[in-house]
Amino acid sequence: MQIGVVGLGRMGANIARRLMRAGHSTVVWDANAQSVGELGADGSIPASGLADLVAKLEGSPKAVWVMLPHGKITEDTIATLSGLLGKGDIVIDGGNTYYKDDVRRGKELAAKGLRYLDVGTSGGVWGLQRGYCLMIGGDKDAVDHLDPIFKALAPGIGDIERTVGREGRDSRAEEGYIHAGPVGAGHFVKMIHNGIEYGMMQAMAEGFDILRNRNSPKLQDDMRFDLNMGDIAEVWRRGSVVTSWLLDLTSAALAKDEALDGFSGVVEDSGEGRWTVEAAVEEAVPAEVLAASLFVRFRSRQDHTFAEKVLSAMRFGFGGHVEAPAKK
């Protein structure tokens, strides 16, 4: 199957590469000509712009995967594509778009005869090797048509133990991708995923901060322990209840530098944590942990603790997120 990929950043380029590894054809474009050239050298069909990308897509319906930061750049790109594509063609937004923008955009494209899919994409910079967890919103026929694409991007069942009681249910979930519902549902599910991620990261970061400060001079001598952060993270990876990919990343960071001196502790938020809290307010659902973890990130830009360094290390580990300079 052939698909266009627009946006060849940390995730977009690897999405194209993973698809090619599975035997699919990709037509690629990015404002950075070097990125286009690199993907061309890897086997993609390079395009000189959006019009050229659409022209080089063969067959019908044509499908274009947009992997750009949420906001104006994505809005403008999809608006341009909507004037280049034909009836029945499919536009996919795989970035971290706000789900309400998806609902609006889906209606706008439907009025032009186009189909729109919002795909919450989790996997960060490791997706090429590990695969991407995909949460898809949109028209069932369009989702089914692109199933070979989603299947190739997803991790597959792998060696994860199968869940008892899922017999007869949609097997795609076990393979790492789902059709979550209509337009907007994919990014809504991904948004909540990221909100939960904030809370999990915060709990882990605070725990390591407490462990590290057990040697504080404020404590009486027989209550002080000089604990090895790297060894604790590593042993927890081996059979403990809190085993997780986030713990894997934390252990790797602590193994390199137990003091995490390479991180300042300035922790940005992508926007999805804010949107998750907004959704909780709309639904009158209490979300104390998720809200608190978001506000800690705000505070980290003014004052930093070891916990924030742990958060920064995790963000760099899974997404390649580099700390922004502290605001003065």
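Mentor: One term before the surface: a patch is built from residues with over 30% relative accessible area and no salt bridge, and nonpolar side chains are joined within 5 Å. Also keep in mind that this is a predicted model.

Trainee: OK. Which residues make the nonpolar surface patch of about 400 Å²?
Mentor: Val 235, Trp 236, Val 241 and Val 242 make that patch.

Trainee: Where does Trp 236 lie?
Mentor: In helix 11, which covers residues 229-236.

Trainee: Is Trp 236 buried or partly exposed?
Mentor: Partly exposed, because its relative accessible area is 31%. Buried would need under 20%.

Trainee: Which elements give two or more residues to its lining?
Mentor: Helix 12 (245-256) and helix 15 (306-319) do. Helix 12 gives the most, with four residues.

Trainee: Which residues line the second largest pocket?
Mentor: Among them are Leu 249, Lys 256, Asp 257, Leu 260, Phe 263 and Phe 316. By class, the lining has seven nonpolar, two polar and three charged residues.

Trainee: What about the phi of Leu 260?
Mentor: Phi is near 55 degrees there, a positive value in a residue other than glycine. Most residues other than glycine have a negative phi.

Trainee: Is Ala 284 buried or exposed?
Mentor: Exposed, because its relative accessibility is 67%. Leu 260, by contrast, counts as buried at 2%.

Trainee: While we're on the backbone, which residues does a cis peptide bond join?
Mentor: Ser 60 and Pro 61, with omega about 0 degrees. Pro 61 lies in the loop between helix 3 (50-56) and strand 4 (63-66). Most peptide bonds are trans.

Trainee: New topic: charges. How many salt bridges does the count come to?
Mentor: It comes to 25 salt bridges.

Trainee: Give me one to look at. What does Asp 42 form a salt bridge with?
Mentor: With Arg 17; the closest N and O atoms are 2.7 Å apart. Asp 42 lies in helix 2 (residues 33-42) and Arg 17 in helix 1 (residues 12-21), so the pair ties together parts that are 25 residues apart in sequence.

Trainee: What do the side chains of Arg 162 and Glu 174 meet in?
Mentor: In a salt bridge, 2.7 Å from N to O. The pair links distant parts of the chain, twelve residues apart. Arg 162 is in the loop between helix 8 (147-153) and helix 9 (172-175), and Glu 174 is in helix 9.

Trainee: Is Arg 162 buried or exposed?
Mentor: Arg 162 is exposed, with a relative accessible area of 53%. Glu 174 is partly exposed, at 22%.

Trainee: And what about Arg 299 and Glu 308?
Mentor: Their side chains meet in a salt bridge too, 2.8 Å from N to O. Arg 299 counts as partly exposed at 31% relative accessibility. Glu 308 counts as buried, because its relative accessibility is 1%.

Trainee: Which residues are linked in a network of salt bridges?
Mentor: Glu 75, Asp 93, Asp 101, Asp 102, Arg 104, Arg 105 and Glu 108.

Trainee: Last one. What separates the C-alpha atoms of Arg 130 and Gly 156?
Mentor: They are separated by 9.2 Å, with the residues 26 apart along the chain. Arg 130 sits in helix 6 (residues 127-130). Arg 130 counts as partly exposed, at 43% relative accessibility.

Key:
Residues numbered from 1 in each chain as written. Predicted model: local features only at pLDDT ≥ 70, side-chain atom pairs only at ≥ 80, totals over all residues. Heavy atoms only, no water. 1 Å grid on protein atoms, 1.4 Å probe; cavity = no way out; pocket = protein on both sides within 12 Å on 5 of 7 lines; lining within 4 Å. Nonpolar A, V, L, I, M, F, W, Y, C, P; charged D, E, K, R; others polar. Patch = residues over 30% accessible without salt bridge, like charges linked within 9 Å, V, L, I, M, F, W, Y side chains within 5 Å. Areas by Shrake-Rupley, 256 points an atom, 1.4 Å probe, with all protein chains shown as cover. Salt bridge = Lys/Arg side-chain N within 4 Å of Asp/Glu carboxyl O. Buried < 20%, exposed > 50% of the residue type's maximum accessible area, 1.4 Å probe, protein only.
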